[in-house]
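Biologist: I would like a close look at one part of this model. Please keep it to what can be checked on screen.

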Amino acid sequence: AHDMVVHVRQEFEEHKDILQPDPDTGMTRSPDYSECIRISTEASLKEMIPPGALVMGTPLVVGFVFGCKALAGVLIGALV
């Protein structure tokens, strides 16, 4: 969220006419939406790394440390 706020503030500082209509055409200058989408996508992907590692790592750790029966219990418990 901080990166998004920094980008929006920077954009308003660089382009003061974002919300003001052009006197000739009456159109407003559109903000850079693609950069905001890029920032939010990168942040969401970074936040999905720990849950993905937990899902992939739990069966491996349980299988190697506690054995086959414990791994079967974990996998059955995850299905229910």
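In helix α2, how many residues apart are E35 and R38?

Modeller: E35 and R38 are three residues apart, so about one helical turn of α2 separates them. This is a predicted model, where local features need pLDDT of at least 70 and side-chain atom pairs pLDDT 80 or more, while totals for chains, interfaces and linings use all residues. Residues count from 1 along each chain as its sequence is written, and side-chain values use heavy atoms, without hydrogens and water.

Helix α2 spans 33-47 (a DSSP run of H or I, at least four residues). E35 and R38 form a salt bridge (Lys or Arg side-chain nitrogen within 4 Å of an Asp or Glu carboxyl oxygen). Their closest N and O atoms are 2.4 Å apart. The count by this rule is two salt bridges.

R38 also lines the largest pocket (an open set on a 1 Å grid, 1.4 Å probe, protein on both sides within 12 Å along at least five of seven lines; lining atoms within 4 Å of a point). The volume is about 170 Å³. The lining holds A1, H2, D3, M4, R38, I39, S40, E42, A43 and K46. Two elements give two or more residues each: α1 (2-14) and α2. Six residues, the largest share, come from α2. By class, four are nonpolar, two polar and four charged (Asp, Glu, Lys and Arg are charged; Gly counts as polar).

Helix α3 covers residues 49-66, and its axis lies 4 Å from that of α2, at about 30 degrees. That makes the pair roughly parallel (under 35 degrees; over 145 is roughly antiparallel).

Follow α3 onward to α4 (residues 68-79). Those two axes are 7 Å apart, at about 150 degrees. The pair is therefore roughly antiparallel. T58, P59, V62, G63 and F66 of α3 touch C68, A70, L71, V74 and L75 of α4. That contact has eight nonpolar, two polar and no charged residues.

Notes. Points joined across faces, edges and corners; volume = space filled by probe spheres on them. Axes fitted to C-alpha atoms, helices over the stretch in contact; angles between N-to-C directions. Parallel < 35°, antiparallel > 145°, perpendicular 65-115°, else oblique. Contact = heavy atoms within 4.5 Å.
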